[in-house]
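Subject: Structure handover

Hello,

Here is the structure I promised to pass on. Please open it before you read further.

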Amino acid sequence: MSLLQVENISHTYRSSNRLWRSGSLTTVLSHVSFEIERGQCLGLLGSSGAGKSTLGKVILGLEQPRQGRIIFQGHDLYYADTRAARQLRRDLQVVFQDCYSSVNPRMSAEQIIAEPLNNYEKLTRDEGKRRVGELLEAVGLKADDMRKYPHAFSGGQLQRINIARAIALKPKLIVLDEAVSSLDMVNQTRILSLLSELKATFGLSYLFITHDIKAAHVISDSLAVMDKGQIVEHCRDKSGLADSAHPAVRELFASVLPEHPRDRGLGRESAIKQ
Amino acid sequence: MVQTEPVLEVNGLKVQANTPDGIVSLVRGINFEMHAGKVLGLVGESGSGKTVTSLALLRLLDRKRILVEGSIRLMGTELTGLKLSTMQSVRGKDIGLIMQNPMNAFSPVATIGSQFVETIRTHARMTRNEAAELAIAAMEDVRLPNAAELMRRYPFQLSGGMLQRVMIAICMCLKPAVIIADEPTTALDAANQLQVLRQLDRLRENNGTAVLLISHDLSVIAELADDVIVMQRGQIVERSDVYQLFDHPQHAYTKQLLQARPTLKAREPESLKEYARA
Ligand SMILES: Nc1ncnc2c1ncn2[C@@H]1O[C@H](COP(=O)(O)OP(=O)(O)O)[C@@H](O)[C@H]1O
Ligand SMILES: Nc1ncnc2c1ncn2[C@@H]1O[C@H](COP(=O)(O)OP(=O)(O)O)[C@@H](O)[C@H]1O
Ligand SMILES: [Mg+2]
Ligand SMILES: [Mg+2]
């Protein structure tokens, strides 16, 4: 049995904006189905507005879909009894793009990372400190950093703290929604390697949501592409995506910026048509 | 090739901030030149001082806390020491700024059209209608769909990619000699990123604008820059022609930036490992 089964999910939003198509229903997700196996990373690609974050929220149990089921470790996420639901939440963690607004600026790194531990485990003060120290070291920071507050960390360091918090309870699946998109290239590469390393060490599974085909390619085992709320391509072997003929996939490849100036201008023709 | 007079010349630019922990050097004496119709790439990781440099050029840093020294010459005119009111007319008309988050460049409570028209009219003698016509033509020029209709919308009703193209359209109307584009595509998805870079390049080509293209992303630099300066901790550690930079990087920091990039090519897992730490 797969770790996560996404079964025929459809979802609509009612537009609340009065100036703008007032009250109309828009379909955000339409008959989305896929599975994630234990220890695997699925990269979910798509341009902005495709519905990726909405799907992420549905999978995290934060947005009940109008139709379909999320089966996580064999349980229906939205219809599990309270005790099962609590255990499922523990095994399902998230890291968002904006590392600064994901943390409370008045909490120390220790408090931020210890929060999920305190919710689920009865630890003494010393045990808690030791665990937070270990987690900080696992994400490449120092145990001493637990005393610092968010403003004292760079974006890349803060994202490491968000990752430490996400792995604190040894979850099974982490949803990473544009988790490296706002970092500079050096930090993107570092965080991607850290995530790969943690995945191997702890047998984690990821849903890696991004618009960036390069980042997705580096970390994922399989790749899916979403367009207008639908999965239009799903390659179990990530290298197969380059052969897809779907226009949304072609556009993703055509928009990739060159790695060397000799390749400049290649993607521009397709961008002009838009 | 005949070397033209630089449009913008920066000499010994230093920026220091007064902080609770004492005086901190943010930019440590940098020199560079910009030429008409050329794109100068400024690359470096976050915190290296790129944004502070661009704000110093425009004199947009808080004067009470931040000390700027050095010479900034725009077409032969020294900008440091200019009256603030004179500097205000330089901004926009002579030096345009395109910021990372385009939402910050617009007021949330006025329509795109009224802001566009007001901006044109503060720098050029024109009636409201003439300015509106110019604005619509410029928005069509950067391939924004339904330009006339967009004029009536509010900033929050446009995507980041569209707002960035409105910024470029404004620059097309004001025709500044220099444009500073500070991470103009960092907040955009790939398709919008390419579209905005394309329009920025057309603007440069049509108006002979000198562009300072700031990015942490060497792919953006590879796509558009002619020359590149590499910044680390407030200093320029390498400057060269863009091909030279990619083929024969000199400084260790440049080599590191070139290596630390996610790529579509398969890479040795070992070489990735070293980046996981620190
Ligand atoms: N809370 C919401 N209410 C109404 N519409 C929304 C809401 N959240 C997202 N949308 C719309 O749903 C669509 C998909 O958004 P999203 O899932 O954020 O896409 P992505 O993450 O792929 O960029 C967009 O058109 C967006 O405007
Ligand atoms: N107003 C300010 N006062 C003090 N320090 C600042 C100020 N603005 C930026 N800095 C610091 O200056 C350094 C360079 O910042 P910045 O120019 O924004 O970097 P970049 O744009 O290259 O990411 C950073 O260490 C930043 O924290
Ligand atoms: Mg999203
Ligand atoms: Mg910056």
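Below are the ground rules, then the two ligands, the interface and a few single residues.

**Ground rules**

This is a predicted model: local features need pLDDT of at least 70, side-chain atom pairs count only at pLDDT 80 or more, and totals for chains, interfaces and linings use all residues. Residues are numbered from 1 along each chain as its sequence is written, chains are lettered from A and ligands numbered from 1 in the order in which they are written, and side-chain values use heavy atoms, with hydrogens and water left out.

**Ligand 1**

Start with chain A. The residues around ligand 1 are A:Tyr13, A:Val28, A:Ser47, A:Ser48, A:Gly49, A:Ala50, A:Gly51, A:Lys52, A:Ser53 and A:Thr54. To be listed, a residue needs a heavy atom within 4 Å of the ligand. By class, that shell holds three nonpolar, six polar and one charged residues. Here Ala, Val, Leu, Ile, Met, Phe, Trp, Tyr, Cys and Pro count as nonpolar, Asp, Glu, Lys and Arg as charged, and the others, Gly among them, as polar.

Helix H1 (residues 52-60) of chain A gives the largest share of the shell, three residues. Helices (H or I, at least four residues) and strands (E, at least two) are DSSP runs, numbered from the N terminus.

Now the polar contacts. The term means a pair of N or O atoms within 3.5 Å; within protein, one must be able to donate a hydrogen and the other to accept it, and residues adjacent in sequence count only if both atoms are side-chain atoms. A backbone N or O atom of A:Gly49 is 2.7 Å from an oxygen atom of ligand 1. For a polar backbone atom of A:Ala50, the distance to an oxygen atom of ligand 1 is 3.2 Å. A:Lys52 uses its side chain: a polar atom there lies 2.9 Å from an oxygen atom of ligand 1. Taken alone, ligand 1 exposes 560 Å², and the protein buries 56% of that. Accessible areas come from the Shrake-Rupley method with a 1.4 Å probe; for residues, only the protein chains shown count as cover.

**Ligand 2**

Chain B comes next. Around ligand 2 are B:Ala17, B:Leu26, B:Glu45, B:Ser46, B:Gly47, B:Ser48, B:Gly49, B:Lys50, B:Thr51, B:Val52, B:Arg65 and B:Ile66. They divide into four nonpolar, five polar and three charged residues. Helix H1 (residues 50-57) of chain B gives the most to this shell, with three residues.

A polar backbone atom of B:Ser48 is 3.3 Å from an oxygen atom of ligand 2. A polar side-chain atom of B:Lys50 is 2.9 Å from an oxygen atom of the ligand. For an N or O atom in the side chain of B:Thr51, that distance is 2.8 Å. Ligand 2 exposes 570 Å² when taken alone, and the protein buries 63% of that.

**The interface**

The contact takes 45 residues from chain B and 44 residues from chain A. Contact means heavy atoms within 4.5 Å. About 4300 Å² is buried between the chains, and carbon and sulfur atoms give 56% of it. Buried area is the accessible area (1.4 Å probe) that two parts lose on being put together, summed over both. In chain B, B:Glu223, B:Pro262 and B:Leu264 lose the most area to chain A, together 17% of what that side buries.

How many salt bridges are there between chain B and chain A? The count is zero. A salt bridge is a side-chain nitrogen of Lys or Arg within 4 Å of a carboxyl oxygen of Asp or Glu. Polar contacts do cross the interface, in 15 residue pairs (both at pLDDT 80 or more). Helices H7 (190-207), H8 (218-224), H9 (242-247), H10 (252-259) and H11 (269-276) of chain B each supply at least two residues of the side that touches chain A. The largest share, eight residues, comes from H7(B). That side of chain B has 23 nonpolar, eight polar and 14 charged residues.

**Single residues**

Over all chains, the salt bridges come to 17. One of them pairs A:Arg90 with A:Glu121, the closest N and O atoms being 2.8 Å apart. A:His31, not a glycine, has a positive phi of about 50°. A:His31 lies in strand S2 (residues 25-36) of chain A.

Best wishes
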